[in-house]
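I opened the coordinates today and kept notes as I went.

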Amino acid sequence: MDKTKFLNQLKKQTPNEDEFHQAVTEVLESIEDVYNDNPKFETNKIIERIVMPDRIIMFRVPWMDDTGEIQVNQGYRIEFNSAIGPYKGGLRFHPDVSIGTFKFLGFEQVFKNALTTLPMGGGKGGSNFDPKGKSDNEVMRFCQSFMTELYRHVGPETDVPAGDIGVGGREIGFLFGQYKRIVNRFEGVLTGKGINWGGSWIRKEATGYGLVYITQHWLTEHGTDLKGKRVAISGSGNVAIYAAEKVMQLGGKVITMSDSNGCIIDEEGIDLNLIKLIKEIERGRIREYIETRYNAQYSKDRNDVWKVKCDVALPCATQNELDVESAKILVSNGCLMVAEGANMPVTAEAVHYLLHQKVGMIPGKAANAGGVAVSGLEMTQNSMKLQWTPKEVDDRLYHIMSEIHDACVKYGKREDGYVDYVKGANVAGFLKVANAMIDQGLI
Ligand code: NDP
């Protein structure tokens, strides 16, 4: 494989998709040796095929706001790869999204889903709609319009979306209601559903819990654990909140959290009930935290999260939020490891720096795979028309995260004993998908 030539060509064919190029570059760097050692990948043009989505669906989403004015947003669904199962991946509602965002997320999802050991292909989608500041009725009208187009492309055996940034339990409820109304079938077309109507226990907690389970495995491998460890977390959404919860359950101390406007630093340890009240119930801003916790500090610079001395860093907000400058501060402060709760939150330069410093660096496609893993378990429960107990699901999640950890070690161990989890995750995911594509012929 001539990596440079291939990447130059890809950039020419898909201009202005920087995040997608970043994700592809990382995978190509990791799999280069495996690819070159197995000529069948080249013969079958696997790289050329795997970077191109099966299809991209784009559609108009018209809806009416509370003042009676018509609003129009862009909807997307990228069905990236179905070599090992139906397309599976979240929906993101955020004003900054573009086709490049969804291509990067969909591409990552293909390998992540392969790592879970469950039969799921990769997809991603969403809209430039911003739920922030909208009333529940506006969100409902938007979701109904979005699903009125999306329903014809998805289904329990075809494509099963879930939540992501800006899409939580409320949005999944509105989307599911509209799907059911149109097709007149109650079926598992979405995951992240309510517990009383087809959802799985632990789905809400799964990404954050899974992130901490794999972190725990890394720490065990390095002769330590989370007890008494200082943990810096960014974000204060679904992933961040439940990562913080599990860190605290395992004896760690969470010092920071953030949102898109700023961050809080609480040396006494974050009061998670207060965060849940502000973020989950009141849908407020994180700065409100210091109105109750007087000893905590608020900073308008959300990068300050990484300036606090910590043992473990868990970026859980959004892509490219932890740059090389922040990585250098983390390392100089003695940080042992970084595990990506968000998708690609650590910039490419920062990833290279951390690996060079031999600091732990677990990439999102391994570290945050717990969410889609429990989504896969929700699909299984829906097919069987039963619901497992919280313990049963949590045990399975723990087991899957252990398997992902072990796969990273298997394929990422260097001769000097250092484990490159980025390489390990990419190689393990790639081999599974690439071999399935070859088995299924030229499609
Ligand atoms: P939420 O919408 O629940 O929370 C997102 C958090 O990140 C909020 O605190 C938000 O702040 C912050 N944030 C969003 N955009 C930006 C931005 N541009 N700059 C700074 N902060 C930002 O999303 P999730 O917790 O579900 O997702 C977080 C990350 O985890 C994403 O990368 C997502 O793809 C990834 N992920 C999520 C999974 C899931 O199961 N939910 C599964 C696997 C990965 P604010 O409130 O100000 O917008």
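Which residue in S5 is the bridge partner of Gly90? I looked it up: Ala162 is the partner of Gly90 in S5. I note here that I am working from a predicted model.

**Entry 1: the pairing around S3**

I stayed with S3, which covers residues 87–93. S3 and S5 are joined by 4 bridges and run parallel. I found a further pair on these strands, with Lys88 opposite Val160 of S5. Then I turned to S4. S3 pairs with S4 over 3 bridges, again in the parallel sense. There, Leu91 has Gly125 of S4 as its bridge partner.

Of the 7 residues of S3, 7 are buried, so the strand is largely enclosed by the rest of the structure.

**Entry 2: the sheet that holds S3**

I traced the order of the strands as S1-S2-S4-S3-S5. This is an open sheet of 5 strands with mixed pairing. Which strands stand at its edges? I found S1 (55–64) and S5 (159–162) there. Each has a single partner strand, so one side of each lacks a neighbour in the sheet. I noted an average twist of 20° from one strand to the next.

**Entry 3: helix H5**

I asked what H5 lies across. H5 lies across S1, S2 (70–81), S3 and S4 (122–127). Its angle to S4 is about 150°.

H5 spans residues 99–115, and Thr101 is part of it. Is Thr101 buried or exposed? Its relative accessible area is 3%, under the 20% cut-off, so I logged Thr101 as buried. Leaving out residues up to four places away in sequence, Thr101 touches Glu19, Arg92, Asp96 and Gln319.

**Entry 4: H5 against H16**

Next I took H16, residues 421–439. The axes of H5 and H16 come within 8 Å. They cross at roughly 85°. That falls in the 65 to 115 range, so I call the two helices roughly perpendicular.

I listed the residues in contact. H5 contributes Val110, Phe111, Ala114 and Leu115. H16 contributes Ala425, Ala428, Gly429, Phe430, Lys432 and Val433. Sorted by class, the contact has 8 nonpolar, 1 polar and 1 charged residues.

**Entry 5: the sheet with S8 and S9**

I moved to the sheet of 7 strands. Its order is S9-S8-S7-S6-S10-S11-S12. The sheet is open and the pairing is mixed. S9 (297–299) and S12 (360–362) are the edge strands. With a single partner strand each, they are left with one side that has no neighbour in the sheet. The twist averages 15° between one strand and the next.

How do S8 and S9 run? They run antiparallel, joined by 3 bridges, with S8 at residues 262–265. Ile265 stands opposite Gln297 in S9.

**Entry 6: Asp266**

I followed the chain into the loop between S8 and H10 (272–281), where Asp266 is found. Asp266 has 1% relative accessibility and so counts as buried.

How far is a polar atom of the Asp266 side chain from the backbone nitrogen of Glu268? I read 3.0 Å. Beyond four places in sequence, Asp266 touches Val254, Ile255, Asp271, Tyr289, Arg293 and Ala296.

Methods:
Residues numbered from 1 in each chain as written. Predicted model: local features only at pLDDT ≥ 70, side-chain atom pairs only at ≥ 80, totals over all residues. Heavy atoms only, no water. Pairing = 2+ DSSP bridges. Axes fitted to C-alpha atoms, helices over the stretch in contact; angles between N-to-C directions. Buried < 20%, exposed > 50% of the residue type's maximum accessible area, 1.4 Å probe, protein only. Polar contact = N/O pair within 3.5 Å; in protein donor to acceptor, adjacent residues only side chain to side chain. Contact = heavy atoms within 4.5 Å. Parallel < 35°, antiparallel > 145°, perpendicular 65-115°, else oblique. Nonpolar A, V, L, I, M, F, W, Y, C, P; charged D, E, K, R; others polar.
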